[in-house]
Amino acid sequence: MGDQVEKSDAEWKQALKPDQYRVLRQHGTERPGASPLNDEKRQGEYRCAGCGTVLFDSSTKYESGSGWPSFFAPREGAVETSLDRTLLMPRTEVHCARCGGHLGHVFPDGPDPTGERYCMNGAALAFEPAKK
């Protein structure tokens with residue numbers, strides 16, 4: 001996945017917008033429906049807003065009805081997961097494999113071909129349209 005990105009907390013605070021910092025570095029969650037990326041329909045790539053790593057292709061994005069940008073598969077090696085026990089029911093947290101930024105969670109209720117729903121915070125993503 002390339003070189004790991006490591007920054008101090010102060011460096012992350014300076015590099016990110018407040019909502020990005022809250023989500024990526026403090027494991028926050030944006031309100032459902034808050035992200036303009038929910039309505040993004042163009043072809044392109046979804047990158048980590050913290051380090052720029054390509055995480056998802058637009059061909060894997062779908063409308064889940066959850067209120068957050070959802071994908072059925074990440075780019076190979078782009079994300080890692082860990083167990084999140086912050087709520088009553090354990091969930092699988094998704095984070096950027098390169099910088100460790102919190103992206104969202106993955107659930108086993110997605111469409112074919114994977115059956116997975118990568119429910120991502122739009123603040124953790126940056127969309128780059130495909131070049132024409």
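The model is predicted, so local features need pLDDT of at least 70 and side-chain atom pairs count only at pLDDT 80 or more, while totals for chains, interfaces and linings use all residues. Residues are numbered from 1 along each chain as its sequence is written, and side-chain values use heavy atoms, with hydrogens and water left out.

Begin by selecting residues 91–96, which make up strand E6 (strands, E, are DSSP runs of at least two residues, numbered from the N terminus). Five of the six residues in E6 are buried, meaning under 20% relative accessible area with a 1.4 Å probe, protein chains only.

On to strand E7, residues 102–107, which runs antiparallel to E6 and is joined to E6 by four bridges. Here Val-94 stands opposite Gly-104, and in the turn of the E6–E7 hairpin Gly-100 has a positive phi of about 80°.

Next, select Tyr-46 and Phe-71, an edge-to-face aromatic pair at 4.9 Å centre to centre with 70° between the planes (ring centres of Phe, Tyr and Trp, the last by its six-membered ring, lie within 6.5 Å; planes under 30 degrees apart count as stacked, over 60 as edge-to-face and the rest as tilted). Tyr-46 lies in strand E1 and Phe-71 in strand E4, so the pair ties together parts 25 residues apart in sequence.

Technical notes. Buried < 20%, exposed > 50% of the residue type's maximum accessible area, 1.4 Å probe, protein only. Pairing = 2+ DSSP bridges.
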